Every structure is written in structure tokens, then in C-alpha cells.
Amino acid sequence: MVIYLPGQSVDEGPILDELTPREIVRELDKYVIGQPDAKRAVAIALRNRLRRQKLPPEMAEDVMPKNILMIGPTGVGKTEIARRLAKLANSPFMKVEASKFTEVGYVGRDVESMIRDLVDIAIDMIREEKLDEIGDRAEAAAESRLLDLLVPPAPENAEGDNAKTREKIRERLRDGKLDERMVEVDVKDRAPTFEIASNVNLDEMGINIKDMLPAMFGSRGSKKRNMRVADAMDYLVQEEEQKLIDMDQVTRIALERVESSGIIFLDEIDKIAGREGGHGPDVSREGVQRDILPIVEGTTVNTRHGFVRTDHILFIAAGAFHVSKPSDLIPELQGRFPIRVELKSLSVEDFVRILKEPKNALAKQYVALMDTEGLKLTLTDDALEEVAKFAAQVNESSENIGARRLHTIMEKLLEEISFEGPDMRKKTIKVDAAYVRKQLADIVKDQDLSRYIL
């Protein structure tokens, strides 16, 4: 099952160190329906990482992650399982399509770019964590600077009165009573921006343009700008945050976290499977596999932030393997994915559960969306069962796209309500099985219509 819910957090869940494989599966069950074998495999892989961290360093160095190959049709939950696992582990996670990479020597993305992108994601993660830690200090410092602008320092003989005035202004500032007032703030000039057109990867050359620019153009000056107090507060908080965060430390922690707990999800790996047949001008698929091999085996990648060893990054590969099969991958790459998991196609019962059970399930999303218009939408159980049956029927008669079919069915089902909703006088709407059949039956029966609309 696949439900994309960016921004959903599992922070309120239990501490990762306390999660047994069974509890990890239970956490994944909140978002992904079915596929117990795949959940067990990723839960064991995650638990083994925790076990490895408790080993003596000399032994931990030799314990390699057991990479996973997920085999199953589209829309059954391959990506969602990996994505939820990364959030649960608070690990740097990146999803890449293997088909986007080209063999060395061709114009396109080289395979090492996935490690460089993972490092950038990790740096953003650590920076956000540090911002949470120093947020209060940054706000206090920004507030103090803003008060200096609103209440200029008084002469020594009037310090007592000035302190009282300052506290009164501080209270009004915190209550938001001064938000519309204008203040003059020193704003730093932005550094000039450049666009470099080149086939050479600057990361490979070890060049960091951002570090070079200040040296070329000198330090940035500042200019005075009038802005609202509320905007000035936001700007000063950002400035204080930049002062308080040690980016060298952030980068160092990020590199360590990538090396020890990074997860890369290699999707569409079946698209690069297949031995060379000597037909056509396509970029060598086997060549891409050979380029990916050292990354998965363990190598050192040069990024602009430093060198990264990929020995202990967990790789989860996935593919439908409709045309090709796992044995079509080169033997060396097959050997680097020792855990094979087959994900099953979803049944009508699975579709019903997907619509109702997960946190922020599809039915709950539509109810919440209509609620913003003041409409009380009710989807009865028999209506959801009917939707699930229609989804399974269309998947059988045309392409099987798994749980993604539910999105197209639900959109078509609620199209009229979504369009007319804001203008409806009746603010309570009940969708039952009869309404579902009325909206969808003709389209599902007509093969040509269902092929283009659903």
C-alpha cells in the first residue's frame, strides 16, 4: 500500500533503541497494510544496525549491512516501507531511481551523486536538530537586539528608568502589540550568485564555490532597511541562529551519520537489469550496474564536505521485474543483496483496510478536506467496500497499479462533491454503496472509458 504523506512524524513513538523487530513491524503497520515478510526483513536490518553499534569497534567494522531486494508490482508498498523505516530510525534517507543513472562516459547523472545528495540531506537534518537546541537562545538574543533598536541605551544616570521602559516594551513585543511598528535594521548584502556551465563535476574536483566567493569579493557589507517589527524579529532570529550553529560540527556529525546509518532506496532496479544483447543505441544497462556495484560493496566517495565511506550504508533495492528477473542482474550485484523479499499483490480486503486503517488513511483525508469547506462528509463501510471492489476490478481488467488505483477511484467518486461543495446548502453528505455504484458503475463497465479515466 502506498499513501504519500510528507511531513508526517513518528517522533511521538517509542525510542528507537527500545524497539524490538516486532515493535518496529507494529510501527510500520500504522502506515502500511499487509506485506509482513517485507516488514520483517527491514525490521531485522534496522535492529542489526543497533546491535552493531553495541559491538567492540574492531568487530563492528567487519559487520556489513544485509542489503534487501524487494520484488513486487507497483503500488504494493515497497517505497512506503523504506520511507517509514527511515523516519522511524531518524536516519538520512534518500530515494533514487536506478534508471536515471548513466554509465561513466555518458552525459547524465553518475552513481556517486546519490551519496553526495545523501550527505546534503544529512546536513539539513543535523542543522534542523541543532536549530531546535539553540532556538530559545537565538530568540532571546534577537529580542535583546530588537529592544536595543526600540529603546536606545540611556545615559548612566538614567539606567533605572531605562530598564523599566525596556521591560514594558519587552512585554508589549511578546504580546505582539508592536508587530506593525517600523524599525531600521542593518541587513547584510547578499553575495553575488554565479551559474557555472560545465560537464565537470565540481564535487569531484573538491571545489566549494561558496567558500571561494568571500575570498574573491571580500566580506559582505550591510545596508539599513526599514521593516516591520515582526519581520525584523524573524530576520534577527535567523542571524543569531547562524552565529550559534557551528557548521563545521554539523558537517562532521552529518558525515558520521551517513556512514553509520544512511539508507538509500534504489527504485526501478529492474529497469537496469538485463544482460547486453547488442541491440540499439541505449546507454549500457550492465555498465550502470557495474558503476553501482562499488558503491554498494563499499568505497570512498569524495563530496564537497569531505570523504564518505559507503561500507555501512544500507541499500534497499526494489523493482517490479515484469520483463526481467533478479537473475538478470550481474552476479556480483546479486550477491550484494542477500535478502530477497517478494511483495504480494493487494486483495479487495487489503484495499478496504487501506481506505480505513492507516493513520491519515485515504478516506480520513477526504473527510478532513471537505471539513475545511464546512461539509460533514460520511463514507459508510459498504461504500468503502464497493470502492475497493471497483479498484480491484479495474486493476484486473487493465494495468495493475496496486493501491494507487484507489486515488483515481476516490477522485472520480468525489469529483462532483469536491466541485459543488463550497456552494452546497446542505452541509451533511452521506456516501453509501448506492452512490458509489451510481458514480462509477458505467465507467468501470466500459473498458475504453475505465482505461482512460481510471
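1. Basis. The model is predicted; local features need pLDDT of at least 70, side-chain atom pairs count only at pLDDT 80 or more, and totals for chains, interfaces and linings use all residues. Residues are numbered from 1 along each chain as its sequence is written, and side-chain values use heavy atoms, with hydrogens and water left out.

2. Main core. The largest nonpolar core holds 64 residues. Such a core is a set of buried Ala, Val, Leu, Ile, Met, Phe, Trp, Tyr and Cys residues joined through side-chain atoms within 4.5 Å. Buried means under 20% relative accessible area, exposed over 50%, and partly exposed in between (1.4 Å probe, protein chains only). M70, I316, F351, M410, L413 and V431 touch the most other members. Helix α15 (residues 381–397) gives the largest share, eight residues. Helices (H or I, at least four residues) and strands (E, at least two) are DSSP runs, numbered from the N terminus.

3. M410. Beyond its neighbours within four places in sequence, M410 is in contact with L355, L362, Y366, L379 and V387. Contact means heavy atoms within 4.5 Å.

4. Second core. A separate core has 42 residues. Among them are V111, V288, I330 and F337.

5. R49. This residue is found in helix α2 (residues 36–53). R49 is buried yet has no salt bridge (a side-chain nitrogen of Lys or Arg within 4 Å of a carboxyl oxygen of Asp or Glu). The nearest side chain of opposite charge, D311, is 11 Å away. Lys and Arg count as positive, Asp and Glu as negative; His and the chain ends are not counted. What lies by the polar atoms of the R49 side chain? The backbone oxygen of S261 lies 2.7 Å from one polar atom there. For the backbone oxygen of H312, the distance to a polar atom of that side chain is 2.9 Å.

6. Positive phi. Most residues other than glycine have a negative phi. F321 has a phi near 50°. F321 sits in the loop between β8 (314–319) and α12 (331–335), and is buried at 9% relative accessible area. N360 has a positive phi of about 55°. The loop between α13 (348–356) and α14 (362–371) holds N360, which is partly exposed at 32%.

7. T299. T299 lies in the loop between α11 (285–297) and β6 (300–303). Its relative accessible area is 25%, partly exposed. The C-alpha atoms of T299 and R309 are separated by 5.7 Å, at 10 residues apart along the chain.

Methods. A polar contact is a pair of N or O atoms within 3.5 Å; within protein, one must be able to donate a hydrogen and the other to accept it, and residues adjacent in sequence count only if both atoms are side-chain atoms.
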